[in-house]
Amino acid sequence: MTTPPTTSSVLVEENKSLSQSSLWRMQREYFEQESINAWVNQVPFYITSNPFIAYCYSQLVINFIRDWTKKHPETKHLPFYILELGTGSGRLSFYVLKTLTELLEAYKMTDIKICYVMSDFTRNNIKYYETHPALLPYLEKGMVDFAIYNMELDKPITLLRQHITLNPETLQNPLIVFANYIFDTISHDGFTVHDKKLYELLISLKTEMSNLKDNRPVDMEKLETVYHIKEIKSDYYSDPVLNDILEEYKTHLHESSLLFPIGSIHAIKYLNKISNNKLFIISTDKGYGTLNSLDYHGHPSLSFHGSFSLMVNFHAISEFFKKTGGGSFMQSTRKGIKTSVFYNGIQLNELTDTQYALQQYVEEFSPSDYFTLHRRVSDSFQECDLDTIAAHMHLTRWDPHMYLKLKNRVISLISEADPETVEFMATYMPKLASNFYHLPKTECVLFEVGVFFHATKNYQEALRYYEQSLPFVGEQFSLRYNIALCQHHLGRNEDALASFKKALELNPDSKETKEWVTFLEKGKNGGEEK
Ligand SMILES: C[S@@+](CC[C@H](N)C(=O)[O-])C[C@H]1O[C@@H](n2cnc3c(N)ncnc32)[C@H](O)[C@@H]1O
């Protein structure tokens, strides 16, 4: 939400084109400073970074590669690069790497070389990925690399491990690009259509004196935005294609203010250039996909959530592709986020598997539909029985984020639940554990998988997962105590005694632990078994 100006505010900048505003610099400063902590309860990222969306994207990629290599068998031995823009937490990358590996095996395509490039403008994020334990196996296989890429600039994209620069020589196959929650984050221009005339939206920023340090605003959320309009009488952009799109808006819209994703189009032009005009972009973001949906809006407002975002004009991006020889696949209208696919240098009607995958994973049951259901179950899981929870976990593809919400309900239902449902869940607990991607200040699902097996009296498995969680949760009373209980149930009383003693060091007031230590010490000296 933007706030109206107050009399005590100071002018930070006046009547700037939106894309030239200092807002974008402040946005980058925010991500640079926060780095991975931006995803600790600040910037939303669940919708674009879960195992379900990763499965949809992986299916699109695999089917596209299958079609492409069928049609161009000579390119089969050349790598396919997937470039993720504004990667953020890295959680989508991990789930895609994992799913692609499974699909390459399932489709007997293990001879295909994929290089997944996690890019971001800030090195601070890349430092987090470089040592992430979940990414390590893919690094060792040479399946993942990293690159610093600021989409507002045309600087070479060089892989930090392989020292390869993405350019027309290295990119023989089409460049596959993932762009989630990034087109809404980088620069936009703003326009207003009124009485068949086109106006530029000029932005002024104001803030309270107390929000200034060295003449620069400290907290973006305390900025007040004011718009003025200025009529455009000649070509606005130097690129006639972009002017054509603006002309379409001037002619067809009745009365509206709209955003134009100029930063994103700038990046797309650069990516086209380095890929010999062979691009396949998949993007999920909040935005407008049709001309009609752009009509009758007021001036744009910034949404703040740590960083800020604006609605993406997917229609303009689609028009840009169509007018430059490419095309798009836009899912039918949904409330909230949408998935769109843009391509160049590709005849989609010749790629039958890709077309089917687009229908199946973008149009039919899409990441957006998944999120709607996920939200409903998140809000009402206390009313759900274990059968419903298990089915929903299956739909999420065993997503740790969801399980962490449901875990207490699951444990409370186990003793009364149908044994077949409990067995079903137990079968998929290893999959849930394998989806663990560590982020700061986030609970560790490995521990919770241990708790599940503990509750089902499978002490061997419980112990295994408790031990795996140790490097992530650190020495903690509850972990040591649970380990000790499992060791005792497995008849390993000496280990159990040592573990209870460690637990007691961590919580010297625990009466139960003291009793266990006394009891096991007695047993060791020939006392009776519990
Ligand atoms: C809103 S987050 C989205 C992260 C991730 N794609 C997701 O869906 O959760 C935006 C990401 O883009 C990066 N970013 C911001 N400005 C950028 C720019 N000009 N070029 C490249 N990345 C940028 C930020 O560092 C951050 O990682």
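Predicted model: local features only at pLDDT ≥ 70, side-chain atom pairs only at ≥ 80, totals over all residues.
Residues are numbered from 1 along each chain as its sequence is written, and side-chain values use heavy atoms, with hydrogens and water left out.

**Figure 1. The whole protein, before we zoom in.** Along the principal axes, the C-alpha atoms fill a box of roughly 95 × 65 × 45 Å. There are 18 helices and 17 strands to look for; these are DSSP runs numbered from the N terminus (helices are H or I with at least four residues, strands are E with at least two). Of the 530 residues, 57% count as buried, a word that here means under 20% relative accessible area, with exposed meaning over 50% and partly exposed in between (1.4 Å probe, protein chains only).

**Figure 2. The second largest pocket.** A pocket is found on a 1 Å grid over the protein atoms alone, as an open set of points with protein on both sides within 12 Å along at least five of seven lines, and a lining residue has an atom within 4 Å of a point. This one has a volume of about 360 Å³, where volume is the space filled by probe spheres set on the points, and points are joined across faces, edges and corners. It has 15 lining residues, and the closest to its centre are Glu-29, Gln-33, Pro-217, Val-218 and Asp-219. Helix H1 (23–34) and strand E9 (216–217) each supply at least two residues of the lining. By class, the lining has five nonpolar, two polar and eight charged residues. Here Ala, Val, Leu, Ile, Met, Phe, Trp, Tyr, Cys and Pro count as nonpolar, Asp, Glu, Lys and Arg as charged, and the others, Gly among them, as polar.

**Figure 3. The largest cavity.** A cavity is a set of grid points where a 1.4 Å probe fits but cannot get out. Searching the whole structure turns up one cavity of 30 Å³ or more. About 80 Å³ of space lies in the largest cavity, and its lining includes Pro-51, Tyr-55, Lys-98 and Arg-397. Helix H2 (51–71) and H3 are the elements that give two or more residues to this lining. H3 has the largest share, with four residues.

**Figure 4. Helix H3 up close.** H3 (residues 91–106) has 16 residues and reaches 23 Å from its first C-alpha to its last, close to the 22 Å expected at 1.5 Å a residue. That expected span is 1.5 Å times one less than the number of residues. Since 13 of its 16 residues are buried, H3 is largely enclosed by the rest of the structure. After H3 comes Lys-108, whose phi is positive, near 55°.

**Figure 5. Around the ligand.** Of the 23 residues around the ligand, Thr-48, Gly-86, Asp-120, Asn-150 and Asn-180 come nearest; to count, a residue needs a heavy atom within 4 Å of it. A side-chain N or O atom of Thr-48 sits 2.6 Å from an oxygen atom of the ligand. For Asn-150, a side-chain N or O atom is 2.9 Å from a nitrogen atom of the ligand. With Asn-180, a polar backbone atom is 2.8 Å from a ligand nitrogen atom.

Technical notes. Polar contact = N/O pair within 3.5 Å; in protein donor to acceptor, adjacent residues only side chain to side chain.
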